[in-house]
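Hi everyone, thanks for coming. Let's bring the sequence and the model up on the screen, and then I'll walk you through it.

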Amino acid sequence: MLASRALLAKRVASVLIHQPACLAHHGGDWGNWGNTNIAVVLSGCGWWDGTDIHEAAFTMYHLSRNGAQFQIFAPNQQQMQVMDHMKQQPAGENRNMMVEAARFSHGQGRMQMQDLSRLDVNSFDAVIFPGGHGVTKNLSTFNKDGKDCKLNNDVERILKEFHRSHKPIGLASMAPLLACRVLPSLEVTMGYERDENSRWGRWPNTNMVQAVKSMGARHNVPYVDEKNKVISTPTFMWETDYHYHYIFDGIGNMVKHVMRMVAK
């Protein structure tokens with residue numbers, strides 16, 4: 001019996017050692033059960049040209065699980081490009097961000113997709129930006145201009161208004177780029193600063209970490225910026241084939257900290 005317990009303890013320790021600390025699960029719920037309104041900003045539908053479907057779905061799940069009401073928004077504008085997700089190359093099509101992001105919506109009541117230009121900071125307690133390459137292609141010009149990128153006008157307005165109002169801002173995977181570009185002295189995480197390959201996955205987007213640091217942000221793993229009320233999680237900055245439950249837990253942690261800050 002003791003030998004079996006020792007073996008189990010070793011296996012548990014092995015999992016914890018290999019699991020990225022920035023994605024480790026934190027227990028407990030912070031639900032206000034219907035009294036909290038969160039805006040979720042999307043940039044299309046799909047990892048390579050919009051919002052990652054897992055990150056958007058996990059965000060909405062955890063908001064629901066923690067008792068929040070939420071509404072989804074996207075710019076009513078054309079995407080920079082449309083990607084063939086099988087071939088991972090441009091498809092030569094034109095698509096609208098809001099129309100594509102409406103795939104996440106059930107099209108009724110609060111779950112109906114809204115134009116980002118209509119997002120009023122006074123109607124929401126916090127805002128969350130799930131990740132995906134739409135952050136670098138549609139919500140900003142980072143894909144073309146790097147650290148000197150410009151943000152979509154409404155994205156910049158929303159980030160500044162929520163920050164000025166001392167309301168929490170949640171950011172997943174690449175989304176910290178947006179906040180770091182227009183808000184001063186933030187502390188964020190986008191995962192590891194080096195591409196550490198292992199059987200658990202790799203971190204291929206370390207250039208983005210260097211970009212946010214050049215914008216004046218501090219980078220830590222993991223990080224909750226209590227002063228600025230900015231909560232970030234690296235999610236699919238970590239390229240993994242099948243450890244999706246860590247991505248799920250990382251977004252859950254981010255949502256719980258958002259809810260905790262709203263409740264203060």
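Let me start with a question: in strand 2, which residue is the bridge partner of Ile38? The answer is Phe70.

Before going further, a word on what you're looking at. This is a predicted model, where local features need pLDDT of at least 70 and side-chain atom pairs count only at pLDDT 80 or more, while totals for chains, interfaces and linings use all residues. Residues are numbered from 1 along each chain as its sequence is written, and side-chain values use heavy atoms, with hydrogens and water left out.

Now the overview. The chain has nine helices and eleven strands. Helices here are DSSP runs of H or I with at least four residues, strands are runs of E with at least two, and both are numbered from the N terminus. Buried residues make up 53% of the 264 residues in the chain; buried means under 20% relative accessible area, exposed means over 50%, and partly exposed is in between, using a 1.4 Å probe and protein chains only. Taking contacts, meaning heavy atoms within 4.5 Å, between residues at least 6 apart in sequence, 75% join residues at least 24 apart.

Seven strands form an open sheet with mixed pairing, in the order 5-2-1-6-7-11-10. Two strands count as paired if DSSP finds at least two bridges between them. Why is one side of strand 5 and of strand 10 left without a neighbour in the sheet? Strand 5 (114–115) and strand 10 (224–225) stand at the edges, so each has a single partner strand.

Back to strand 1, residues 37–41. On one side, five bridges join strand 1 to strand 2 (residues 69–74), and the two run parallel. Strand 1 is also parallel to strand 6 (residues 126–129), with three bridges joining them. Ile38 has a bridge partner in strand 6 as well, namely Ala126. Four of the five residues of strand 1 are buried, so this strand is mostly covered.

What packs on this sheet? Helix 9 (residues 244–263) does, touching strand 1, strand 6, strand 7, strand 10 and strand 11 (230–233). The direction of helix 9 makes about 170 degrees with that of strand 11; axes are lines fitted to C-alpha atoms, for helices over the stretch in contact, and angles run from 0 to 180 degrees between N-to-C directions. Helix 6 (residues 153–164) lies across strand 6 and strand 7 (169–172), running at about 140 degrees to strand 6.

Staying with helix 9: 16 of its 20 residues are buried, so the helix is largely enclosed by the rest of the structure. Leaving aside neighbours within four places in sequence, Phe248 is in contact with Phe58, Tyr61 and His62. Phe248 and Thr59 are 189 residues apart in sequence, and their C-alpha atoms are 8.4 Å apart in space.

Now the interior. In soluble globular proteins, nonpolar side chains tend to be buried together. Here the largest nonpolar core has 73 residues, a core being a set of buried Ala, Val, Leu, Ile, Met, Phe, Trp, Tyr and Cys residues joined through side-chain atoms within 4.5 Å. Helix 9 gives the most to this core, with nine residues. Those with the most contacts inside the core are Leu119, Phe129, Leu159 and Leu177. A salt bridge here is a side-chain nitrogen of Lys or Arg within 4 Å of a carboxyl oxygen of Asp or Glu, and the count comes to eleven. In helix 6, Lys160 and Glu156 meet in a salt bridge at 2.7 Å, N to O; these two are separated by about one helical turn because they are four residues apart. Arg157 and Glu161 also meet in a salt bridge, at 3.2 Å, and being four residues apart in helix 6 they too are separated by about one helical turn. Arg157 is partly exposed at 24% relative accessible area, and Glu161 is partly exposed at 21%. Elsewhere, salt bridges that share partners join Glu93, Arg95, Glu100 and Arg103 into one network. Within it, is Glu100 buried or exposed? Glu100 counts as buried, at 9% relative accessibility, while its partner Arg95 counts as partly exposed at 29%.
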